[in-house]
Amino acid sequence: MKKQILLSLFFLAAYAAAMHSQEKANTMETFIKNLMDKMTVKEKIGQLNLTVSGGFVAGETLEKGLNPLEQRIADGEVGGLFGLKNAAVIKKWQKVAVENSRLHIPLIFGLDVIHGYDVTFPIPLALASSWNMELIEQVARTSAIEASSDGVCWVYSPMVDICHDSRWGRIAESAGEDPYLGSVIAKAWVKGYQTNNDLSRKDNVMACVKHYALYGAAEAGRDYNTVDMSRQKAMNEYMLPYKAACEQGAGSYMASFNEFEGIPVTANKYLLDDVLRKQWGFNGFVVTDYTGTMELTNHGIGNEVEVTARALKAGIDMDMVSEYFSQHLEEALEKGIIELADIDKACRRVLEAKYKLGLFDNPYKYCDEKRAKETLGTRSHVEQARKAAQECQVLLKNEGNLLPLKKSSKVALVGPLGDRAQDMLGCWSGNSEIVRPISLLEGLKEAVGPMGTVTFAEGSYLVADKELEKILVGNSMGFASSGGRRYGVHERSEEEMLQEAIAIAQKSDIIIAALGENINMNGEGASRSEPDIPEPQQKLLKALVKTGKPVVLVLFTGRPLVLSWEDEHIPAILNTWFLGVQAGPAIADVLFGDANPSGKITASFPRNVGQLPIHYNHKNTGRPQESDDAGYVRFKSNYIDVVNAPLYPFGFGLSYTTYEYGEITLSSKTIPINGKLTAKINIKNTGKRSGKETVQLYIRDVYSTATRPVKELKAFKQVALEAGESREVTFEITVDDLKYYNHDLQYVCEPGDFEVLIGPNSRDLKMSMFTVLQ
């Protein structure tokens with residue numbers, strides 16, 4: 001009886017919630033309809049126009065009237081602005097829209113908040129390496145709290161593109177190569193930005209999922225390039241994170257630059273309407289990427305009016321920067337290429353977003369200068385950034401347990417990235433206007449205190465090409481920690497810098513080589529045909545090895561790099577990515593053992609550039625190699641000069657302790673077509689200190705009607721173990737975990753044999769087998 005009462009109460013609560021939700025939807029629909037009934041065609045088109053603005057200049061042109069952008073806003077020709085920060089500035093722009101326009105429709109304000117707002121956290125690829133969904137959600141939550149306090153209500157994040165090619169600079173913004181992990185991370189980001197999907201909250205912001213879709217598969221790893229694949233490959237290997245973000249309730253999507261099946265995504269009805277809206281049920285709005293509509297003419301699919309019409313009819317609701325909607329939609333309407341209903345549909349979606357954000361109730365909701373002052377750069381946010389940075393570092397090699405170091409050591413810090421605080425922020429950083437980033441040199445000196453010494457020398461140029469270095473360093477030069485010295489470009493000879501580095505190295509107990517990429521060598525528009533440590537830095541590293549002193553390579557990068565020589569000759573390699581404002585202290589925490597590294601890479605590191613693109617979840621051919629690390633065999637699918645296996649596989653990462661995996665125990669050797677089973681494995685910490693291990697479960701479908709990968713990640717769990725402690729880790733496997741899109745794009749689980757594989761990475765796995773019954 002008690003159970004029946006509880007069930008009744010549950011259903012009543014669910015019913016009441018559903019009714020309340022429907023009532024809110026009806027209220028919004030009535031409000032939007034009444035507003036649109038008053039709008040002219042020009043005003044409706046204005047809502048579809050998103051433009052970028054610099055500083056606010058209102059008040060400077062009072063005698064001459066409004067400046068051009070203010071006038072356009074007052075005339076209802078702009079729906080939103082992006083690229084602005086500062087609550088006071090944004091409030092002034094909002095006042096123009098609300099007080100000077102005929103219908104008082106507020107603007108929506110967007111910004112690229114990629115890995116933090118004022119407090120910059122590790123880059124997304126680094127955060128993914130933590131495999132910690134709670135951490136990622138907290139980063140998004142903090143970013144939302146900061147951004148929303150400073151006028152921003154719409155963030156262009158998360159970036160959920162899957163990438164197999166580290167030549168592509170934007171892999172730094174992604175979660176790596178795996179669709180399952182990418183989907184879990186996508187949900188964490190959206191959940192953090194849009195907590196409970198209640199956009200009426202003043203500390204929530206609307207997420208914008210990008211880049212929809214398939215952008216990470218750009219040919220040759222070159223940004224903005226063509227994408228060409230089958231729909232089946234797209235659905236199985238790339239689309240899952242976009243779908244997961246939709247399921248989590250993301251409010252908006254951004255169309256990607258690439259084409260798919262010969263149609264640029266900005267005009268691709270299959271992706272924007274058939275899949276996103278009809279199949280997945282997305283009911284938010286879609287914005288182009290920067291000048292995306294304009295670029296359709298470069299793709300060669302029509303003139304200005306034609307591509308504008310194609311974009312709108314395909315499902316684009318808001319045009320970023322191109323001004324093509326504002327310039328050409330009325331002409332397209334007059335020519336009958338589009339209908340008024342097409343404009344109305346897009347306008348309604350934009351207005352609904354503003355309504356959900358509460359901007360009609362309070363246009364200045366996000367412009368609270370007092371809250372911004374209390375929120376931005378708070379100590380708790382900085383502490384959170386340090387903890388995140390600790391968890392994101394990946395120990396790739398630690399021969400002879402060289403790490404952790406003793407704080408009493410004489411440390412020689414050498415390398416062009418050793419004292420560049422601004423570079424620690426990484427691409428698409430939040431600029432950290434209040435919280436100053438901390439360099440590795442500062443972090444090391446603080447860590448050793450009076451016990452040891454740290455001396456520093458740059459040792460080499462960043463890159464060999466003088467003009468390229470001006471470009472790469474010129475936009476990211478910060479002041480060094482010692483004496484405010486600004487970094488120069490090629491101010492001294494290469495030999496002079498090298499000899500200085502060798503001199504301090506020879507007087508040290510340990511050399512820390514701070515090498516890799518700087519802030520401008522990855523991210524958008526930063527593709528590299530040779531993703532490695534640049535030549536001047538390699539020359540420096542080889543000279544340091546010749547001193548005979550132990551060398552620790554601290555690697556700064558936004559992508560997997562080719563490290564074959566380094567892996568062979570350097571005893572310890574710590575991949576730190578770009579860790580944000582607390583990079584220096586967090587790296588020192590790991591180097592000196594105050595934190596035990598637990599990160600694991602989410603993108604395979606190639607042995608050479610010829611292996612790219614590379615990913616663990618590849619398919620077998622009809623002539624597969626015996627194993628990925630087997631030597632050359634003619635007439636097999638392999639290379640003459642390198643094994644198939646990556647240098648470091650997906651999921652790989654070492655610790656200062658060691659773990660032992662037992663054998664897999666299955667609850668059953670068979671599973672009904674609608675059933676489930678459990679897989680258990682014992683993990684033991686066999687080292688001398690506590691640590692955290694990420695236990696990964698993979699599935700292989702032995703036989704299927706269409707080909708499937710050699711293994712696919714389907715679950716993972718993190719377990720903290722004290723030295724000597726053992727724990728049984730349990731996974732539940734359901735039929736949903738075994739499904740894939742077959743040749744007819746049906747999402748199915750096919751009966752037959754499956755392997756379940758569990759281990760610390762995608763290479764070193766225990767295996768058992770079960771059968772799905774008909």
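Thr 293 sits in the loop that joins strand S9 (285-287) to helix H11 (296-299). In this predicted model, is Thr 293 buried or exposed? Its relative accessible area is 0%, and a residue counts as buried when that value is under 20%, so Thr 293 is buried. Leaving aside residues up to four places away in sequence, Thr 293 touches Thr 266, Thr 288, Val 307, Thr 308, Ala 311, Asp 319, Ser 322, Tyr 324 and Phe 325.

Glu 323 lies in the loop between strand S10 (319-320) and helix H13 (324-334). Its phi is positive, about 65°, although Glu 323 is not a glycine. Glu 323 counts as buried because its relative accessibility is 12%. Trp 131, in the loop between helix H5 (124-128) and H6, also is not a glycine and has a positive phi, of about 55°. Trp 131 has 1% relative accessibility and therefore counts as buried.

The next feature concerns peptide bonds. The bond from Tyr 212 to Ala 213 is cis, with omega near 5°. Ala 213 belongs to the loop between strand S5 (206-212) and helix H8 (231-237). The bond from Leu 403 to Pro 404 is cis as well, again with omega near 5°. Pro 404 is in the loop that runs between strand S11 (394-398) and strand S12 (410-414).

From loops we turn to a helix. Helix H4 covers residues 87-100, which makes 14 residues. From its first C-alpha to its last, H4 reaches 19 Å, close to the 20 Å expected at 1.5 Å a residue.

Which residues of H4 are buried? They are Ala 87, Ile 90, Trp 93, Gln 94, Val 96, Ala 97 and Val 98. An α-helix has 3.6 residues a turn, so residues three or four places apart point the same way. The buried residues of H4 pack against helices H3 (68-74), H6 (133-149) and H15 (369-375), and also against strands S2 (80-82) and S3 (108-111).

Last comes the empty space. Rolling a probe the size of a water molecule over the atoms shows where such space is left. The largest pocket holds about 970 Å³. Its lining has 34 residues, and those nearest its centre are His 618, Ser 627, Asp 628, Asn 644 and Val 710. By type, the lining consists of 13 nonpolar, 12 polar and nine charged residues.

Methods: Residues are numbered from 1 along each chain as its sequence is written. This is a predicted model: local features need pLDDT of at least 70, side-chain atom pairs count only at pLDDT 80 or more; totals for chains, interfaces and linings use all residues. Side-chain values use heavy atoms; hydrogens and water are left out. Helices (H or I, at least four residues) and strands (E, at least two) are DSSP runs, numbered from the N terminus. The expected span of a helix is 1.5 Å times one less than its number of residues. Buried means under 20% relative accessible area, exposed over 50%, partly exposed in between (1.4 Å probe, protein chains only). Contact means heavy atoms within 4.5 Å. On a 1 Å grid over the protein atoms alone, a cavity is a set of points where a 1.4 Å probe fits but cannot get out, and a pocket is an open set with protein on both sides within 12 Å along at least five of seven lines; lining residues have an atom within 4 Å of a point. Grid points are joined across faces, edges and corners, and a volume is the space filled by probe spheres set on the points. Ala, Val, Leu, Ile, Met, Phe, Trp, Tyr, Cys and Pro count as nonpolar, Asp, Glu, Lys and Arg as charged, and the others, Gly among them, as polar.
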